Amino acid sequence: MGPQRLLRSAATALIWGFLLRLTTAQEAILHASGNGTPLPSKDYCVLYNPHWTALPSTLENATSITLMNLTSTPLCNISDIPPEGIKNKAVVVQWGTCHFLQKARIAQTGGAEALLVANNSVLFPPLGNKSEFHDVKILIAFINHKDFKDMKQTLGNNITMKMYSPSWPNFDYTMVVIFVIAVFTVALGGYWSGLIELENMKAMANPEDREMRKKKEDYLTFSPLTVVIFVVICCVMMVLLYFFYKWLVYVMIAIFCIASAMSMYNCLAALIHRIPYGQCAIVCCGKRIEVRLIFLSGLCIAIAVVWAVFRNEDRWAWILQDILGIAFCLNLIKTLKLPNFKSCVILLGLLLLYDVFFVFITPFITKNGESIMVELAAGPFGNNDKNDGNLLEATAQPSAPHEKLPVVIRVPKLAYFSVMSVCVKPVSILGFGDIIVPGLLIAYCRRFDEQTGSSSIYYISSTIAYAVGMILTFVVLVLMKKGQPALLYLVPCTLITASIVAWRRKEMKKFWKGSGYQMMDQPDYATNEEDPVTAGEQIVQQ
């Protein structure tokens, strides 16, 4: 019992310590001002412990303090205080040599108003056992060493600062917006794929209708081998983008413009064809072209061009990017065809490993400890500290363009329009792959419903499972306060749900191998795997 009790106590302490790090660290704004006319100023993000010191919520109520740079001094003894003194100053010291609370005690003894600890990473600042330093009352905050260097370069040596902690919004609406976009796109793409499947099945039932049979060509079918090759290509592209970001980002932007314009045209043309009005056409090179489709192609090209020109206009360009991205995802979901559940499992499983590797494993490989996936999705930040000859830091080169890969759904947070944008990522993002990959499974479920006449049970259940997976992703994101690979939650939810439905309906064998009509001249929609002899007799009789 002794060792077990000790083990439980250690585990409890570890979990509690981890949770404390999540809850006690709180962001605040350091408003730094220099000398000159007009008065130069800049905001920086710092972390502090609100249980130790309270900060005002507005800049107007914050106290102005002169900043003093003591990063060249350990400040572990009274003798480390400079001769000119530090009374009524906010001193900046380096992390290390002695405990930061010891530094705070020395600073307080010298009459300082605040202590700023410059650290390479302020994501989870050390907590310390303040009970041993109960006499320490001054403000203690942690600032990224990179930010402090920028402060000195931007504002000079004579700096005054104010610190305050604005209130956070109680609800992040961006999660709801992204949830609606993602679920709407996979549901509509899957439903559209089912409609094409139904039309193809009707065309196959009528051999005389040669024109409708050509609709089979709307699909691009992925075999298991094709799936593996596709995942390998994704891995190679990810590495190439990370090494050669400043060149390939423009290639990706050009590809996105062309592909999204074509996708938007395909999506809107399908709707326009159902409108019985305005069907006037012109004949060119022996082909009949509807005038409305010419205007539609011009509109789609114009939208893509406007986005390309104003893509860095963060106030509204994200709307065009999301519209083009939704069209791009819809077109791929309805065009790419996984012929059976086996291909779905291979594709989703491999891409799950791919996602986890580039999000969770690559931080152990890169020197700065950043995820390759997150950095590529969010774009380069021009961090000079990261570029010291290490090839794995290529995207952070100062010469790298401040361009972002247009492969995500972007929704700006409320904090983007406030001063808190220096502390948080100003946008919430969801990669296209997190929509397209599960969407291909949902599309297969919809086609299987049409092939077997199963009343959309596979399609509805897999769509609900995708929604549950998205909610689970958001919950973990909020709790961990760190970017998550959405496929880690979406893939198990959708695959397990589809498997349970097939198992309960006793259709797992057919679901696994596929129930396509391609192998039959005449499909029997009521055929099931339990009675193959009857199915054969029906085909012969027809």
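Reader: Which residue of β13 is the bridge partner of valine 408?
Author: Valine 408 is bridged to glycine 431 in β13. The model is predicted: local features need pLDDT of at least 70, side-chain atom pairs count only at pLDDT 80 or more, and totals for chains, interfaces and linings use all residues. Residues are numbered from 1 along each chain as its sequence is written, and side-chain values use heavy atoms, without hydrogens and water.

Reader: What makes β12 and β13 a pair of strands?
Author: Strands pair if DSSP finds at least two bridges between them. β12 and β13 (residues 427-431) are joined by 5 bridges and run antiparallel, so the pair meets the definition.

Reader: Why is β12 described as largely enclosed by the rest of the structure?
Author: A residue is buried when its relative accessible area is under 20% (exposed is over 50%, partly exposed in between, with a 1.4 Å probe and protein chains only). In β12 (residues 408-412), 5 of the 5 residues are buried, and the strand is therefore largely enclosed. Val408, Arg410 and Pro412 point one way, Ile409 and Val411 the other, and all are buried. In the chain, buried residues make up 45% of the 542 residues.

Reader: How many helices and strands does the chain hold, and what makes a run count as one?
Author: The chain has 16 helices and 13 strands. Each is a DSSP run numbered from the N terminus, with at least four residues (H or I) for a helix and at least two (E) for a strand.

Reader: In what order do the strands of the closed barrel run?
Author: The barrel has 7 strands in the order β1-β2-β6-β5-β4-β3-β7, with mixed pairing. Neighbouring strands of this sheet are turned by 40° against each other on average, direction ignored.

Reader: What covers the buried residues of α2?
Author: The cover includes β4, β5 and β6. The buried residues of α2 are Phe100, Leu101, Lys103, Ala104, Ile106 and Ala107. Helix α2 (residues 100-109) lies across these strands at about 145° to β5. It is followed by glycine 111, whose phi is positive, near 90°.

Reader: Which hand does the crossing of α8 and α9 have?
Author: The crossing is left-handed, a term used when the near helix is turned anticlockwise from the far one by less than a right angle (clockwise is right-handed). The contact (heavy atoms within 4.5 Å) involves Ile303, Ala304, Val306 and Trp307 of α8 with Ala317, Leu320, Gln321 and Leu324 of α9.

Reader: Which hand does the crossing of α7 and α8 have?
Author: α7 passes α8 in a right-handed crossing. The axes of α7 (residues 245-272) and α8 come within 9 Å and cross at roughly 145°.

Key: Axes fitted to C-alpha atoms, helices over the stretch in contact; angles between N-to-C directions.
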